[in-house]
Amino acid sequence: MKINQKYSHQLITGVSFGLTSGVITALGMIVGLHSATSSRLAVAAGIIIMAIADGLADAAGLHISEESEQEKGMAKHNSREIWLTTFFTFLSVAGFILTFSIPILIFPLNIAVFVAVGWGMLLLILLNICIAKIKKERPIKLIFEHVFLALFVIAVSYYIGDLIARWVR
């Protein structure tokens with residue numbers, strides 16, 4: 001599908017939002033489920049289910065957010081642009097989350113979790129380098145902010161998973 005230059009904003013918005021949301025959510029879920037269950041099945045199922053559910057939820061949320069700007073003459077985008085952003089967001093969230101299933105299926109779970117974290121960090125770093133180029137800024141601040149946020153989510157998810165494992169056993 002060829003994207004008209006006119007719709008590059010929708011593509012950039014959908015991909016940047018989708019990658020960031022997908023990576024951070026996937027890493028939190030992978031680490032949390034691993035610490036709670038140590039089950040490859042639970043982590044693999046979680047990734048696939050989350051790719052669809054979170055992809056649809058994020059796309060719907062961004063869609064509604066864009067539509068809410070239509071009220072009171074604040075319209076920034078027409079209906080086609082809003083739907084394109086929705087579509088690109090879903091594809092990005094679901095697509096990026098599904099990439100995390102590859103290490104889970106290939107490596108032993110303990111190693112796969114570290115590979116997934118490394119993959120997620122690489123994706124965030126590359127995205128933030130691209131964003132910095134678009135904004136004509138140095139990427140280090142953006143990279144630090146988003147990697148720190150991802151690491152925070154990973155740490156919280158790990159401890160929550162560990163607490164759940166202790167309560168349920």
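## The chain at a glance

Of the chain's 169 residues, 43% count as buried (under 20% relative accessible area with a 1.4 Å probe, protein chains only; exposed is over 50%, partly exposed in between). This is a predicted model, where local features need pLDDT of at least 70 and side-chain atom pairs count only at pLDDT 80 or more, while totals for chains, interfaces and linings use all residues. Residues are numbered from 1 along each chain as its sequence is written, and side-chain values use heavy atoms, with hydrogens and water left out.

## Fold and contacts

You're looking at six helices and zero strands, running α-α-α-α-α-α from the N terminus. Helices here are DSSP runs of H or I with at least four residues, and strands are E runs of at least two, numbered from the N terminus. The C-alpha trace spans about 55 × 35 × 30 Å along its principal axes.

Take contacts (heavy atoms within 4.5 Å) between residues at least 6 apart in sequence: 74% of them join residues at least 24 apart.

## A look at α5

Helix α5 covers residues 109-135, and its 27 residues should span 39 Å at 1.5 Å a residue; the end C-alpha atoms sit 38 Å apart, which agrees. That expected span is 1.5 Å times one less than the number of residues.

Which residues of α5 are buried? They are L109, A112, V113, A116, V117, G120, M121, L123, L124, L127, N128 and A132. These buried residues pack against α1 (8-37), α2 (40-68), α3 (79-99), α4 (101-106) and α6 (140-168). Just past α5, K136 takes a positive phi of about 55°.
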